[in-house]
Amino acid sequence: MDAVEKANTERQRRWAKDSKVGEGAYAVVYRGREVATGRKVAIKKIKVGQFKDGLDMSAIREVKYLRELRHQNVIELLDVFSSKTNLNLVLEFLDSDLEMIIKDRSLVFLPADIKSWMAMTFRGLEFCHRNWVLHRDLKPNNLLIASDGQLKIADFGLARDFADPGYKMTCQVITRWYRPPELLFGSRYYSSAVDVWSVGTIFAELMLRIPYLPGESDMDQLKTIFRALGTPTEEDWPGHTKLPDYVPVGQFPKTPLRDLFTAASADTLNLLSKCLVYEPRKRITAREALFHPYFTALPYPTHPSKLPQCTTQFSGHPLEEVDGNVEMNSTGPGVKANNSRLKRKLSSPNDDTKTRSIARRLDFTKHTPSS
Amino acid sequence: MANRSNVGGWLQGKTVRKGGIASTNSHTRSSTPQVQSTSSTVFGGGVKDASGRTSEFFSMDDQCPVCKSDRYLNPKLRLLVSACYHKMCESCIDRLFTLGPAPCPICNKVLRKLAFTPQTFEDLGVEKEVAIRRRITKEFNKRREDFPDLRAYNDYLEEVEDITFNLIYEIDLSRTEARIQAYRAENAALIERNIQREEAYAQALKEQEDTERREREYRAMELRREEEEEREEREKGRREIIDKLETSDKNAAKVIAKSRANALKRSTARSTSSTILQSNAKLLRSRAARSTTVPDVPHVPLQDDWYAYEDMFELKAGYQDFMSEAVRKDREGIMRGGGYKVEEAWERALRCAVAGLDLAPMASSTSVTDFDSGGDIMMASA
């Protein structure tokens with residue numbers, strides 16, 4: 001047995017697998033614990049043998065970026081080891097996600113709660129961006145909530161490093177409802193502003209308790225955005241008509257955000273509107289957002305330990321049949337599959353899965369590895 | 001009302017001058033009636049708790065170090081603390097200091113009668129430290145925002161701690177006082193502004209509490225009104241039944257059953273609309289109850305000093321590098337439209353170049369494993 005193998009077995013012995021909590025086409029997720037301390041973890045077993053062209057791309061991405069990021073508001077990758085032909089990722093165990101909390105009608109959000117979640121999201125995102133990592137799949141069910149209330153950004157399966165000139169990036173990323181207009185117009189050169197747009201739509205969703213911009217197709221998504229925020233002019237967003245997939249989608253007037261968010265304070269709307277600026281270069285950055293007066297104004301952000309927690313308990317009802325891609329996507333810590341009845345009901349579920357799996361497929365083959 | 005003025009008193013507690021303003025005297029007196037006093041003088045000051053009260057330390061073993069009188073001889077014995085942090089009983093204070101300033105019988109420092117304060121802590125060292133820290137924070141009230149970077153702020157905190165330490169342990173008193181003087185002269189405007197900011201914050205907190213209280217009252221009123229309506233409704237239903245029984249010639253039992261069913265329908269419709277409201281109110285109440293246990297803390301934009309050391313490089317307006325040539329030219333403007341920022345690429349290159357300059361190399365292999373016990377074998381071996 002050579003040294004590497006020995007180290008691997010040693011590593012493997014540190015963790016114990018318990019029950020299976022979810023399965024997708026590319027990975028199985030187990031509940032587990034650290035043998036020495038009994039700490040709960042999630043073990044994501046990636047089936048290597050099944051792939052013609054090697055290891056799944058999103059697994060590589062997840063390992064590549066999570067190994068480098070360690071922050072209070074980013075999910076922690078505790079260990080990586082191999083067993084037989086499988087690759088195992090040991091992740092922090094987190095019980096719920098923001099989507100479950102948004103959908104739980106028995107919870108009431110105070111403005112201070114939303115502020116606290118937003119602050120934690122921006123903090124985690126700022127940390128990714130300062131380390132030159134784009135998340136590219138921010139949405140409420142990728143924002144996981146730890147038992148102490150801390151919010152953690154998870155699922156780096158679509159992450160990529162940015163600010164490397166000369167490489168094209170794929171525009172088929174980010175779940176549609178949270179996708180910014182520059183990606184919908186097919187831009188291949190974009191920046192951290194894409195994540196900020198996603199956070200903006202999540203911000204709005206926290207206030208509305210329903211998705212803010214639920215488009216039914218890519219085309220409809222643009223229409224939905226423009227209906228909500230007005231069609232951009234060349235002045236609002238110079239150069240957008242030159243983008244590869246640009247198509248005029250009709251003229252919609254600008255309506256003030258105040259009409260929809262009647263109870264929000266002026267600070268809140270100011271930050272929201274800055275997250276949803278059309279011109280990506282003018283969109284607020286995660287770092288600037290942290291300095292926005294919204295966060296320093298009263299009320300103070302709620303202490304994480306007092307934030308509303310999901311009341312749904314861990315239950316062993318049967319798993320929902322879902323497309324492997326989707327499953328892979330949502331199994332950040334592997335708990336998602338249990339709460340299948342909380343899964344978002346899409347207006348046209350089939351359509352959505354289809355485009356999503358296309359996004360993945362494009363990712364595997366056409367994307368030039370960034371390293 | 002009384003409760004609210006107390007809250008105000010606590011929030012302004014920092015600015016109450018230690019040792020003898022008439023108003024604080026009466027305040028202390030009224031709120032600490034349990035202390036039996038033999039003296040006609042009212043002693044103020046001392047360390048106030050959150051409600052603006054001074055709770056006095058009291059022990060059965062108390063003995064006056066000056067006259068050696070103890071609680072056995074004098075059950076009303078009350079020890080007070082002098083400006084030089086020596087204890088003595090009220091009768092000694094009356095005896096020694098009524099005729100004007102006199103030296104302390106223990107350390108000979110000249111003391112005044114009104115500068116004696118009640119004792120809160122058993123350990124007089126703590127008493128002294130609390131008083132000194134209170135005095136210092138009143139003037140050294142700069143915040144993180146007042147500094148250009150974290151390093152400067154840390155230096156400032158270090159200096160404050162240094163001064164406090166000197167005052168507590170009486171090291172270099174004259175020089176320390178001079179330092180405080182110098183600071184005061186230098187930062188008069190800023191100190192004033194921060195005091196105002198503090199007051200504005202207290203005001204905002206009070207207003208918030210007021211609105212919450214008003215909301216609660218409003219909800220209670222709403223609930224009362226609903227109950228009233230329901231009662232009237234029931235009354236009306238009963239009258240209706242009687243009226244119908246009087247006028248109609250149908251079977252009495254049928255008439256009653258029908259109107260009962262109607263009433264039930266009405267009341268369920270009403271209650272479903274109000275249960276949501278009620279349950280929300282209940283949830284909010286339980287949230288409010290929890291909020292007293294862990295306080296919310298103000299938002300701190302960045303919790304580390306990542307950006308405090310940006311002076312290591314300077315980003316120029318443009319660079320002639322071949323990697324970013326395509327982006328710089330960008331004839332059709334598609335990169336611009338997509339939001340690509342070539343400045344980020346340059347910044348990344350510069351940051352990566354200077355990133356590790358300050359770090360000391362890791363000493364040994366054991367410290368490496370300590371630092372990252374989950375080190376990745378596959379990466380390490382690759």
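A residue is called buried here when its relative accessible area is under 20%, exposed when it is over 50%, and partly exposed in between (1.4 Å probe, protein chains only). The structure is a predicted model, in which local features need pLDDT of at least 70 and side-chain atom pairs count only at pLDDT 80 or more, while totals for chains, interfaces and linings use all residues. Residues are numbered from 1 along each chain as its sequence is written, chains are lettered from A and ligands numbered from 1 in the order in which they are written, and side-chain values use heavy atoms, with hydrogens and water left out.

Asp137(A) sits in the loop between strand E7 (133-134) and strand E8 (143-145) of chain A, where helices (H or I, at least four residues) and strands (E, at least two) are DSSP runs numbered from the N terminus. With a relative accessibility of 2%, Asp137(A) counts as buried.

The unreviewed entry also carries a "binding site" annotation, which includes Ala27(A), Val29(A), Lys44(A) and Lys45(A). Ala27(A) belongs to strand E2 (residues 27-34) of chain A, and Val29(A) is found in strand E2 too. Ala27(A) is buried at 4% relative accessible area, and Val29(A) is buried at 1%.

Most residues other than glycine have a negative phi, and most peptide bonds are trans. Trp132(A), however, has a positive phi near 65°; this residue lies in the loop between helix H4 (111-130) and E7 and is buried, at 9% relative accessible area. Ile174(A) likewise has a positive phi, of about 70°. Its loop runs between strand E10 (160-161) and helix H5 (181-184) of chain A, and Ile174(A) is buried at 4%. A cis peptide bond, with omega about -5°, links Leu298(A) to Pro299(A); Pro299(A) is placed in the loop between helix H10 (293-296) and helix H11 (324-330).

On chain B, attention turns to the surface. Asp155(B), Glu158(B), Glu159(B) and Glu186(B) form a patch of negative charge (residues with over 30% relative accessible area and no salt bridge, like charges being joined within 9 Å; a salt bridge is a side-chain nitrogen of Lys or Arg within 4 Å of a carboxyl oxygen of Asp or Glu). Helix H5 (residues 150-168) of chain B supplies the largest share, 3 residues. Glu158(B) lies in this helix and is exposed, with a relative accessible area of 60%.

Key
Patches are made of residues with over 30% relative accessible area and no salt bridge: like charges are joined within 9 Å, nonpolar side chains (Val, Leu, Ile, Met, Phe, Trp, Tyr) within 5 Å. Accessible areas come from the Shrake-Rupley method with a 1.4 Å probe; for residues, only the protein chains shown count as cover. Lys and Arg count as positive and Asp and Glu as negative; His and the chain ends are not counted. The place of a charge is taken as NZ of Lys, CZ of Arg, CG of Asp or CD of Glu. UniProt positions are given in the numbering used here, feature names are shortened, and annotations may be inferred rather than shown by experiment.
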